[in-house]
Amino acid sequence: MKISQCSRESELLDALRSGRWSNAWGEEIRRHAATCALCAEVAFVAQALQDDDVFASAERQRQGTGLPSAGLVWWKAQRAARRAAEQQAVQPIALAERAAYASGGLTALGVTLWQWPRLAGWMRGAKTAVPVGEWFHGLGRALGQSSPGHLPWMLVTLSVAAALTVLALAAYVLCREE
Amino acid sequence: MSIREITVAELDSANLAAGAAEQVFRMDEQTFRAFYEKTARPLWSYLRRLLNNATLADDLLQESYYRFLRADLKSLEEAYQRNYLFRIATNLARDHWRRLPRRESMQATADEGAAIDDHVVEQAEQRSDLGRAFSRLRPQEREILWLAYVEGSSHREIAEVVGLKAASIRLLLFRARRKLLRLLGGAPAGSSKSGPHR
């Protein structure tokens with residue numbers, strides 16, 4: 001697509017932006033725009049936009065709602081930056097916290113599944129209920145007897161491994177920051 | 001973290017006496033104030049016309065300066081910094097449009113002040129026509145037209161702000177201008193003084 005061009009387009013825009021357009025100094029460029037279709041187009045659009053800009057600013061001043069001061073923007077920006085830095089600093093702690101909750105949850109789930117018959121009996125209060133001491137003794141025996149492929153065993157192992165990993169990561173992050 | 005979440009009350013309660021705040025940004029306050037005085041009004045005008053919403057323009061103005069202050073600028077030249085600032089503002093405006101439903105983003109919002117007398121009524125109507133026509137342009141068209149005809153940016157500068165190649169700006173500007181003219185009802189042949197016709 002061929003786009004028409006006029007070598008005086010930038011001169012016309014300069015005249016509009018500087019204010020020369022409306023006074024005697026702009027007479028010559030106005031005469032040119034009156035005969036050049038392209039420049040007439042540019043002048044029409046540019047003038048409309050510039051008038052809109054001037055009017056909007058004047059209206060804002062008339063309404064008494066000026067722009068925020070440089071000082072206010074500066075201080076708000078400082079405050080926002082400091083808050084962002086604080087949030088970033090506590091991110092490793094929050095991450096460790098979430099990981100700790102997750103590994104704790106996995107452990108609880110694993111133990112529950114493992115000892116479900118005992119727990120169920122204890123809750124029902126039936127003759128199968130076991131005293132607490134004997135329950136822990138039974139848990140220790142069960143740990144020794146379970147095979148590695150047993151799901152509760154895997155869950156407990158996983159949660160212990162996760163807890164150790166989180167501890168190691170937390171230690172690394174703390175040492176790095178120091 | 002957005003600067004818009006910081007309230008004036010929070011500023012009052014913080015210890016922000018002159019010199020008490022540690023330097024958080026690469027640019028010092030004095031330089032920033034001078035830069036702000038030169039660029040705030042044009043930037044606000046740009047955002048206001050892009051978004052057709054003065055209140056939103058206020059918000060994005062502050063957010064633009066916040067991101068500018070945190071940016072790692074490659075040059076201290078004022079022209080470069082100004083361009084960079086406008087680029088940030090353009091991206092923020094685009095983020096805003098992306099979050100809007102398509103129909104809403106193409107409509108002009110009620111942003112005209114109250115009319116007092118006939119002259120003001122006429123001007124308000126003309127602005128309203130321009131506002132309606134402008135809002136029917138695509139965001140990129142609005143950006144290019146405003147940067148070219150109000151900010152007086154070169155094609156290279158416009159390309160940097162909108163994220164396009166400089167060679168394509170001439171064609172895009174031509175098309176955008178033609179489209180706006182069509183939406184405004186066309187320019188009178190050879191006319192150079194009158195504003196948009198209703």
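**View 1. A:Gln47 within a helix of chain A.** A:Gln47 belongs to helix H3 of chain A, where helices are DSSP runs of H or I of at least four residues, strands are runs of E of at least two, and both are numbered from the N terminus. The model is predicted, so that local features need pLDDT of at least 70 and side-chain atom pairs count only at pLDDT 80 or more, while totals for chains, interfaces and linings use all residues. Residues are numbered from 1 along each chain as its sequence is written, and chains are lettered from A and ligands numbered from 1 in the order in which they are written. A:Gln47 is buried because 20 other C-beta atoms lie within 10 Å; a residue counts as buried with 20 or more other C-beta atoms within 10 Å of its own, as exposed with 12 or fewer, and as partly exposed in between, the C-beta atoms being placed from the backbone. The C-alpha atom of A:Gln47 is separated by 9.1 Å from that of A:Leu13, although these residues are 34 apart along the chain.

**View 2. Chain A as a whole.** Chain A has eight helices and zero strands, and 20% of its 178 residues count as buried. Two residues are in contact if their C-beta atoms, placed from the backbone, lie within 7 Å. Among contacts in chain A between residues at least 6 apart in sequence, 66% join residues at least 24 apart.

**View 3. The largest nonpolar core.** A nonpolar core is a set of buried Ala, Val, Leu, Ile, Met, Phe, Trp, Tyr and Cys residues joined through C-beta atoms within 7 Å. The largest such core has 61 residues, and those with the most contacts inside it are A:Leu12, A:Ala43, B:Leu43, B:Leu47, B:Ala89, B:Ile144 and B:Tyr149. Helix H3 (residues 37-63) of chain A gives the most to this core, with nine residues. Leaving aside neighbours within four places in sequence, B:Leu47 is in contact with B:Ala57, B:Leu60, B:Leu61, B:Ala89 and B:Ala93.

**View 4. The side of chain B that touches chain A.** Here 47 residues of chain B are in contact with 42 residues of chain A. H2(B) gives the most to this side of chain B, with 11 residues. By class, this side has 26 nonpolar, 10 polar and 11 charged residues, where Ala, Val, Leu, Ile, Met, Phe, Trp, Tyr, Cys and Pro count as nonpolar, Asp, Glu, Lys and Arg as charged, and the others, Gly among them, as polar.

**View 5. Helix H7 of chain B.** Eight of the 11 residues of H7(B) are buried, so this helix is largely enclosed by the rest of the structure. The buried residues of H7(B) include B:Arg142, B:Glu143, B:Ile144 and B:Trp146.

**View 6. The loop residue B:Asn52.** B:Asn52 is found in the loop between helix H2 (29-51) and helix H3 (54-70) of chain B. Most residues other than glycine have a negative phi, whereas B:Asn52, which is not a glycine, has a positive phi of about 60°. B:Asn52 counts as partly exposed because 19 C-beta neighbours lie inside 10 Å.
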